[in-house]
Amino acid sequence: MNREVVIGVDIGTTSTKAVVFGEHGHVLSSHAVDYPIVQPYPSWAEQDPDVIFSAVVESVSVTIAKANVTSKQVKAIGFSAAMHSLIALDASGHPLTRCIIWADNRSVEQAERLLNEMDGLDIYKRTGTPIHPMSPLPKLLWFKESMPELFDKADKFVSIKEYVLYRLYGQYVVDYSIASATGLFCLDTLDWDAEVLRLLGISKAQLSNLVPTTHIMREMKKEWAERMALAPDVPVVVGASDGVLANIGVGAVLSGEAAITIGTSGAVRTISSVQKTDEKGRTFCYALTPDHWVVGGPTNNGGILLRWLRDEFGGQEREVAKKLGVDPYDLLTKYAERVPAGAEGLLFLPFLSGERAPYWNANARGTFFGISLHHKREHFIRAVMEGVCMSVLSVVLAIRDVTGPLSEIRVSGGFAKSAFWRQMLADMMGKELLVPETHEASALGAASLALYALGEIPSLDTVKSWIRISSHHIPNEANTFIYSELFGMYVRLYERLKDEFDSIASFQQKYS
């Protein structure tokens with residue numbers, strides 16, 4: 001059989017996954033390689049770039065073998081990667097640092113100064129990247145101030161995808177999408193922002209060459225092509241970031257269509273035909289193609305909060321689940337289902353890891369409000385799930401202010417496995433939710449963008465017809481009314497506690 005395939009490679013935070021797709025996005029095989037996050041100091045989060053490069057090579061070679069296809073059958077490869085990573089390289093292309101990832105918060109002080117003393121809001125409006133420790137801009141300022149010798153020694157500053165492509169091709173290139181998540185890239189000119197580079201004291205020569213997300217690379221180094229069972233001249237499309245590609249992968253590709261993903265953390269993204277930033281700096285604006293800009297916001301706190309509940313307070317559920325042979329998360333959800341919407345007056349601010357959109361406050365902290373003697377374990381579980389949904393709603397409302405009403409909302413991620421949690425979100429938002437039958441959304445987005453770059457599909461809209469909707473959720477109006485009242489309290493409570501969050505964060509840093 002001489003079928004042609006396309007491969008999507010998704011370089012994620014905890015693993016790299018390669019997926020072989022056949023016609024209409026049909027998954028033929030996939031393989032993931034995990035790697036650890038290194039935290040040498042509190043608030044640091046790093047990874048070994050060479051371990052990740054090896055994971056890319058292994059995942060591609062294994063998934064090709066699983067699919068039982070030859071190098072001649074591989075039509076193209078598309079790349080997806082997590083945003084905001086930063087690696088300093090020497091003049092020989094060797095890493096001087098580990099890969100500092102989005103979860104690294106060492107540059108909190110620099111982010112605050114950028115925002116309050118260095119025209120941070122203007123920088124955001126030019127670059128589309130909110131001022132926050134997640135992004136490379138404050139990380140670079142941290143290096144300049146805290147490790148000046150290393151900063152001066154660095155020949156290049158790159159992301160993990162740039163490093164992988166450099167190893168494969170010996171060229172430094174970065175797509176507009178990854179660049180637009182650095183805080184160093186001007187959306188209007190599609191070039192590095194001269195004012196930001198002056199502020200940092202770095203030159204364009206220390207950054208990669210900018211290319212469109214549809215840029216095609218060929219003539220891979222023979223060593224790596226052989227290791228991955230690929231032809232050296234296979235078209236490799238540089239691709240984009242995992243977030244914007246996930247929108248393609250779930251079929252949210254037209255203006256006004258939104259994708260909500262809740263995994264460990266969460267994100268809401270919608271497509272706009274023109275770039276749009278927020279006067280209040282609440283949302284990001286990242287590049288995809290000249291006609292597709294992705295406006296949205298990430299939240300720090302998604303399924304990780306249920307894991308926290310399970311690990312720290314769910315010993316009983318873990319034991320019962322083990323005996324019954326079921327998932328302990330299913331038991332936690334069954335507890336929550338016993339409680340009506342609103343958790344009988346128990347409200348949770350879900351900021352156990354600080355918060356990104358729409359507040360961009362690394363000092364925000366988790367808060368249970370309204371605790372009474374009648375509240376039991378199940379109330380706390382439901383309040384946590386509702387708190388995650390409220391954080392998502394706060395991002396949706398910020399996006400609506402920037403782009404206008406959302407016409408369609410598609411949901412995916414680990415939370416989408418729970419019909420109860422999906423219905424809760426539909427009730428919270430007061431809008432119908434569609435649940436696509438997703439198969440590796442970011443990898444499919446990368447593969448689809450590769451096909452588009454080669455002219456194999458006429459537009460990214462084509463992918464929408466490949467996505468089957470597995471279920472719909474219509475909001476319960478009574479619950480929507482309850483949540484509307486509770487959400488008002490949620491917003492007011494955050495505003496009133498904002499200064500106290502700074503105080504408790506300072507206390508924790510002092511005494512932890």
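**Cavities, a pocket and packed helices**

Modeller: The second largest cavity holds about 70 Å³ of space. Keep in mind that this is a predicted model.

Biologist: Which residues line the second largest cavity?

Modeller: The lining is made by Ile11, Gly12, Thr13, Gln47, Ile52, Ala82, Met83, Ser85, Cys99, Ile101, Trp102 and Ile160. Sorted by class, that lining has 8 nonpolar, 4 polar and no charged residues.

Biologist: How many cavities of 30 Å³ or more are there?

Modeller: There are 2 cavities of 30 Å³ or more. The largest cavity has about 130 Å³ of space. Its lining consists of 17 residues, and Phe157, Val158, Ser159, Glu162 and Thr182 lie nearest the centre. Helix α4 (136-146) and strand β8 (156-158) each supply at least two residues of this lining. By class, the lining of the largest cavity divides into 11 nonpolar, 5 polar and 1 charged.

Biologist: And how should I read a pair of packed helices?

Modeller: Two packed helices are described by the angle between their axes and the distance between the axes. Take α1 (residues 49-67) and α6 (residues 160-169): their axes come within 10 Å and cross at roughly 65 degrees. Angles of 65 to 115 degrees count as roughly perpendicular, so α1 is roughly perpendicular to α6. The crossing of α1 past α6 is right-handed.

Biologist: Which residues of α1 and α6 meet?

Modeller: From α1, Pro49, Asp50, Ile52, Phe53 and Val56 meet Ile160, Tyr163, Val164, Arg167 and Leu168 of α6. This contact has 8 nonpolar, no polar and 2 charged residues. Ile52 and Ile160 also belong to the lining of the second largest cavity.

Biologist: Is α11 roughly parallel or antiparallel to α14?

Modeller: Helix α11 (residues 303-313) packs on α14 at an angle of about 155 degrees, and the axes are 10 Å apart. Because angles over 145 degrees count as roughly antiparallel, α11 is roughly antiparallel to α14. Here Leu305, Leu306, Leu309 and Phe313 in α11 meet Arg377, Ile381, Val384, Met385 and Val388 in α14. By class, the contact has 8 nonpolar, no polar and 1 charged residues.

Biologist: What lies around the second largest pocket?

Modeller: The second largest pocket has about 730 Å³ of space. Among its 30 lining residues, Leu115, Pro358, Tyr359, Trp360 and Asn361 are the closest to the centre. Helices α2 (108-117), α3 (120-127), α14 (377-403) and α17 (477-511) each give two or more residues to the lining, and α17 gives the most, with 6 residues.

Technical notes
Residues numbered from 1 in each chain as written. Predicted model: local features only at pLDDT ≥ 70, side-chain atom pairs only at ≥ 80, totals over all residues. Heavy atoms only, no water. Axes fitted to C-alpha atoms, helices over the stretch in contact; angles between N-to-C directions. Helix = DSSP H or I, 4+ residues; strand = E, 2+ residues; numbered from the N terminus. Parallel < 35°, antiparallel > 145°, perpendicular 65-115°, else oblique. Left-handed = near helix turned anticlockwise from the far one by under 90°. Contact = heavy atoms within 4.5 Å. Nonpolar A, V, L, I, M, F, W, Y, C, P; charged D, E, K, R; others polar. 1 Å grid on protein atoms, 1.4 Å probe; cavity = no way out; pocket = protein on both sides within 12 Å on 5 of 7 lines; lining within 4 Å. Points joined across faces, edges and corners; volume = space filled by probe spheres on them.
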